Each structure stands twice: as structure tokens, then as C-alpha cells.
Amino acid sequence: MNSLSDGPRAEAITVVLVEDDAPTLWRLQDALAKAGYQVRAAGTLAEARACLAQGAPKVLLTDLQLPDGHGVDLIRETRRRFPDTEIMVISILGDEESVISAITVGATGYLLKDAFPTDIAATVRDLVAGHSPISASIARFIVRRTQSTPEPPPGPVLNTTKLTPREIDILWGIAKGFSYAEIASHLGLSRQTVPGHIKSIYRKLEVHTRGEAVFEAVQQGLIKL
Amino acid sequence: MNDHGDDVQPELPGRARRRLRSSRLIQYLLLQAVIAVAGVAVLLQSLPGPPAQYQVTAFQLTEAGAERAVTLPYFSPLRNAMNDPPRFRGHFVRPAGEASRAWSVFLPRFTNGVEVTVNDVVILDSRRDPAANRPDRNTPAIAVIPASVLRDGDNAISIRLFIWGPITGFLDRIWVGPDEALRPTYNLRTLVFVTLPVVFSSWQAILAVILGIMWVMRRHEPAYGVLAAAMAVGVGQAFLQTPMGETPFSRFNVILISSAPIESALVLVFALLLSGWKWQRYAWIIFIPGIALALAGLFGNQALVRALFLILAVPMVGISLLIMAVVTARSALQRQNVASFLLGCAVTIMLTCWIVDLLSVFQMMPNRIFTARLSYSAMLVAIGAGLTWRFARALNQVDGFAGRLVTQVREAEEKLKASFAREEERARAAALARERTRLMRDLHDGLGGQLVSIVALSERGNGSAGIGDAARAALKDLRLVIDSMDDIGGDLMLALGSWRERAMAQLRPHDIALDWRAVTAQGLPVHPELRPWHVIQIVRLLDEAVTNAVKHAEARRITVRIETLAGADGLKRGCITVEDDGKGFEITPDGGAAGAAKAARGLRNMRSRAARCGAELELSSCAQGAHKGTRVRLTLPHRFPDSDGAAG
């Protein structure tokens, strides 16, 4: 809550903010600037690429529907060029359709567009500290995909085979509304390790490495499709 | 399961099984030996005779031109003596004073026929009685001597013994005396040797019909057909008589003599088939003796037939019995079933009787009573009992099978129903998910973005915080609608997880702490019947409780307790309690809130939402004291209603 006092530390943190709706862009920019972040704003994919050309930001916040392209492409590019940049998607509803598609290309969380300014700053701060945010509905979506069903459920494709049973347990806890502390005590973990697990879950859901491997294999004729 | 109990061999190691089998074999053989010994002992018992004082045994025999004194019983060496039959001449004395009583001559046993003359008057010629003509039957004869023929004192009796094969002639002791003294013995012999065989032959006729029907209905079981044929042959042999003298039919009658080998061959085939043997072509040799005898009867003369009878029919019967004894013994030991066991005992009895008969033919027995045919009745009884046993067992098996089938069909039906319901449920969930995805995209692209813009604009304008709040509330509700449409598999905890996040986001700006306590480990029971509209009602109800606490109660802390309680009826019910430490309010007697009309409407809304889900809502509020604050307690139903409870 007291993010303003973190000013000196936050000053060095650069945030690239990509949002095509001007009022929304302003309020997010205000919230972040007030928290002391150095914000570079962009309204289109082209502007965003120009911002990124200036150098690697610490944080990339991007909307998905942009006038000249899709945020997913921006996330994928950024992930490849700046592996240390933390990426979050800005979502209106926090629905799995947008959030999961962003996660599978390298985002590690989402931000609601109508979040209160303090929450916006706090979420970015947590992200920089290595705490990837996850919502109950996203956790629910992921764990339900770990359960085998005869036919693929609707919605974005998600490969959950890399998740460990412990990570799935953590996701169940989040989906049922338990706090990190409650989950940690149920599973016999240290409370501090839970956010790290969540980041690891996001990384495992990233699809590009695997997809590229398959692409390579197909190219070399190792796999016939 | 126990229907097959007698077919199941216990799992035993080879040695133990061998030992068990040999011990069973010894037991079986011992039992058969006991039966055989008992049979011989019974056969050696002579039948009771009339008073010995009326017995006439000393005779003067004229045979083949020679005359000598003999004592009855007499075995003649002749096989055929029709033109010059042996003549027995003897005397008996009728005491004075017996004239008022009728006197009779009683001949208990003779082969083949007799002509009795008293004082030169013929009083009996057995050749006129077809039943008495058969050497295989022990038919007795009795004749009342006309009073005019008899005289006090010495009387002459002369018996001519006609012999026509196939065995040698025989004349047992005879009795001459008062009729009432002789008649009981005669009646006894008639009962045993004439009436009883007729009864058994009737039984055989019934069996023939039953087995014939069974074979007609079950063509794949030829054993029944074969046995029916055997029974039919037996019946024919018993009821078709063979009168003496040449009639146009006597040639056909002669065929009847072949009935014994044919019948025994048929019964043998039946026993083999019953023991699991498959019919082979070479098995026709079983019927050769019978057919040969029948052909001899048709084309040869009677003497030939009778000669062949001894060398074909008698051994055939014996061989059949021996094979049957072995087959039924094996069957009884291997299958351990009652039918084979009974048949085995019957075969032993018959075999014993056959051997004794053979001995008596060769004059190695003191008498000549043939019992093989009679003992055949034992076999018929065994066959009848065995068939009934098999029939009853088959019926039991059918009942058991039908029962199992009914159970299996029911199980399959239930499985099918369940899988159908599952499939339906899955299809419904998939349709819902698709619809939700579509709705989400629409809302995301349109309404959602516009609402966010309103929020942003209102914040910039500063003066229109109300608009921003309203837009934010609209967004929150939009997320609730989307969220509640997600398939949560009946686990309300998954919906509450999202609600907790939204509630925390709502409470954070107001500095109100949310204390979340899942009291029972798994939280709330899983409700497979839970539908999106139930979830919306419950979450909105909880939202209302939280909003009331924020807006009216000035609470600092809200506690949400989630637990599963076992009700008085033993059913588990979920319970969600929202409690604040605010200022509370007065509850009017009708359950509404005293005070603002808006608050009252809020409470009414909550009640109506609870009622629609079949849940119980309990409101308590306290304005003062240590426990001040408001408590909303929602007890979920054991089963959520299918249709909207408030619609009616």
C-alpha cells in the first residue's frame, strides 16, 4: 500500500505500457508514475516496438487487442529479445481466454484495467520482486486442464504435462481461494516459496520452446504430421 | 454359483488328487460288491411254497424212449421235444373227506410248456396261455381238478413237458392239494412274475413317451432318442405275445426274440452318450447281434433263431451290462453326480441277476427263476430317478441363469443410463463453455472496454466518482457472470475462490480486512447438480452481505467462515457465514431491517436469492456489546433444486 515510499528504489524501474484506449492508458500511466515507475507509453504495436528499441525495460504491460496487431506477438518478441523483462497482460475481465494465451507466449501475470491505482502499483512491484500474480479463475482453468477429458475443452490450448503434482496442488489451493500462507501450511512449504512456484508454473506453460522443437523436428523429417 | 458345485474339482496337487480318486474308486467298488452280494443272497432265498404235505416229487419219467424214476425238480437235457415230449407219471393221494373241497394242481415253474392229465383227463395245457409260453418269464400255472375226475385215495397224475428251446427243459416240484392251500403261493408268484413285469412295462411305456418328447424337443441330445427307442423295444417285447403254432404273423413274432439284444444295445449306447461319448461309425457293431437275430427270425426257422439266441442275445446282454458298469463307474467317479451313481448301482444289480440266470441255465443253481428281466426294472427306476434329477437340476440352472441374466441386464441398463447421463452432462458443459467463450469475447470487445473507459474518465474528471463506482461495479458483475458460467464441476469452493479475490479488491480501498476461514478441510461438499444460476445467486448474496458491511455497517473486519455441517438428518450441508464487526441494526419481527428502505430491500433480495437456491438464510445483528455486528449465515441445501424455487 505504501508504494510511494519505495520511490528511490522504483525510480530505476522502467515500464513499457501498451494500451490503445487513451483514457485507460492515462489512468494506468498515472498510477504507475505516481508510484515512481518510469513509464514509456505506446498506443499501437508499432509505437511499442519503437519503445522497446530504446532498450530493455524491466516490465512490459500490454493490452492484447491493438489497432495494428496483436499483443501476443509483442509478448513473444519481447520474451525472445529481452528474457529478463517481466511481462504482464492488461485484461478487462481477467478471463482465461486472454490471460492464458499471453501466458503461453511468455507473460507471467495479468493486470485488470479497472484495478485501483494502488493495486496497479502493488502488482507491478510484486512482479519485479519475482512474485507472479495469479487469479483463482486462471488457476482453476489451468488445473482443470490437468484433468484428462475425452475431448479437448473449448478455449485456448494449454499443455500442462510439465506441471508437478505439487504445483497442481498449489493451483488447486489458489482456485479454491486459499491464501499463499494457507496453501504453504497445507502442503508443508515455506510461505515465501509459493510465489516462486507460481512463476515456475507460468514458465512451464510457455509453449514456444516446445513448439519450436516440434517445428524443428518436422523440418528435419523426424516427425511426420 | 453353487449350481456347478458338483462339477468343480477342488484344486489339489497331483498326488493328493490321485489318492483321492483311488480312494473314491475303492469306495465305489466296495459298495457295488455289497450290492452284488446282497443281490445273490436275496436270489438264493427260495420263494415260500404251499404246505409240504401236498408236494409231489416222485415221478416215473419216460424220455426219449427210456423210462426211469426221477425226483423233481428235473432238468431235461433236451432242447426240443415237441413230438415226443418227456412224460412224468406219478401218484397222489386224496384223503377221504376232502371231496367237499376243490383240489388243484400247482406248477410253480416249468419250461417251456406242460400238459397235465389227472386220471387220464387233461386238466391243463399251458401252451394255450401265451404268457406262460415264454421261458424268460417265471409264469406259474394252477389248474383246478374237476371233482368228477378225482377219487378218494390214489389218483394218477401225468405231465407232458413240451420243450421248444432256446434253453433246455425244466420242471420244478409240483403241488397237488386243496385249492385254498395252493392258491396263495400261486398268487404271490403271479404278482411277482406276471403283474409286476406288466407294471414295469407300463412304466417303461411312459418313459418311452417322455423320452421321445424330450428327444423331439431337443434333437441335439440323441441320448434321449436312443433311450426312448430302447424303452419302446422293451414295451413291444413285453406286450406282444408269442402264441404257439404257425400263424401268418408268427414269423414277425419271432423278431420279438431279438428285442433283448437290440434293447440292451440301445441302453448301452444311451449310457455311453450320457457319459459324454461321441457317436462313432464303428459303434454300429453294437447292433449286429440284434439285427442278425431279427434277420434269422425273418428268413430262418424258429429252431435256428432259438439256437442263435443263446449265442448272440445272452452274451450281448452280458457284454452290454459289463461295458455299462465300467462306463457308469467312471462317470460316477469323475462327475460325482447322482444320476451316474444310481445307474451304476442298477447296472450292478442287473449284472448280478444276469450271472445268476446264466448259472441257472447251466443248471448250476438249484432252481430256474430268471430275474434279469425283473431286475431291469431296477434300471428303469434308476433311469427315471436320474432323469428327474437332471431335469430338476437343469431347471435350477435355468432359474439361476435367468436370475443372473436379469441382474446383468439391469446392471447394463443402469450403466447405460449413467453413461448416457454423463454424456448428456458433458455435452451440456461443453455447450455452456462454448457459449461462455462467445459471450466473453463479445463482452470483452464491447461492453467491457467501454466500462473501463468510463472508470478511467470518471477518475480524471474527479467530480464524478459515483459514475466510476457504478462502472466498476458493472465490471465486477460482468466478471461474476462470466465466472459463474465456468464449469466448476459442482465444487462451489472454486467459485468462492474467485469471489474472495473480487471481495478483497473491493475491500482494499476501504481498509477493511477480509478474514477467510475454511473451517473444514475440504471446505464445502461437492454438488454435481450445481448450475451456473445457483452460483450467481449465492455469489450475489455474499456480495450483498459484503456491500452492506462496507456501506452501512462501518465495519473494520469481515470474517467469512466456510464449513460442512452434519445436519440432524445425518446429511452434510455446506454453510457460509459472513460476519462483520460493524454497528449492526435492528431486525424487525418480519425479518426485515429497521431503518433505511434501501437496506430493507437489500435484505429482502438476499432472502429471495437464498430461497431460489433452496438455501436457508439466517440473519442476526447486534448493535451493542462485545458481539456487535451483523452475521449472515447461509446454509446450503443437501441438494440444489433443479428449477428456480422462486418461480412458483
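Predicted model: local features only at pLDDT ≥ 70, side-chain atom pairs only at ≥ 80, totals over all residues.
View 1. Of the contacts in chain A with a separation of 6 or more, 63% are between residues 24 or more positions apart.

**View 2. The side of chain A that touches chain B.** The contact draws 27 residues from chain A and 37 residues from chain B. On the chain A side, at least two residues each come from helix H2 (22–34), helix H7 (136–146) and helix H8 (165–175). H2(A) gives the largest share, 4 residues. By type, the chain A residues that touch chain B comprise 11 nonpolar, 7 polar and 9 charged.

**View 3. Helices H1 and H8 of chain B.** Two packed helices are described by the angle between their axes and the distance between the axes. In chain B, the axes of helix H1 (residues 14–44) and helix H8 (residues 338–361) come within 9 Å and cross at roughly 40°. H1(B) is therefore oblique to H8(B). The crossing of H1(B) past H8(B) is right-handed.

**View 4. Residues between H1(B) and H8(B).** From H1(B), the contact is made by B:Gln32, B:Ile35, B:Ala36, B:Gly39, B:Val40 and B:Leu43. H8(B) contributes B:Gly344, B:Cys345, B:Thr348, B:Ile349, B:Thr352, B:Cys353 and B:Val356. Among the residues of this contact, 8 are nonpolar and 5 are polar, with no charged residues.

Notes. Residues numbered from 1 in each chain as written. Chains lettered and ligands numbered in written order. Contact = placed C-beta atoms within 7 Å. Axes fitted to C-alpha atoms, helices over the stretch in contact; angles between N-to-C directions. Parallel < 35°, antiparallel > 145°, perpendicular 65-115°, else oblique. Left-handed = near helix turned anticlockwise from the far one by under 90°. Nonpolar A, V, L, I, M, F, W, Y, C, P; charged D, E, K, R; others polar.
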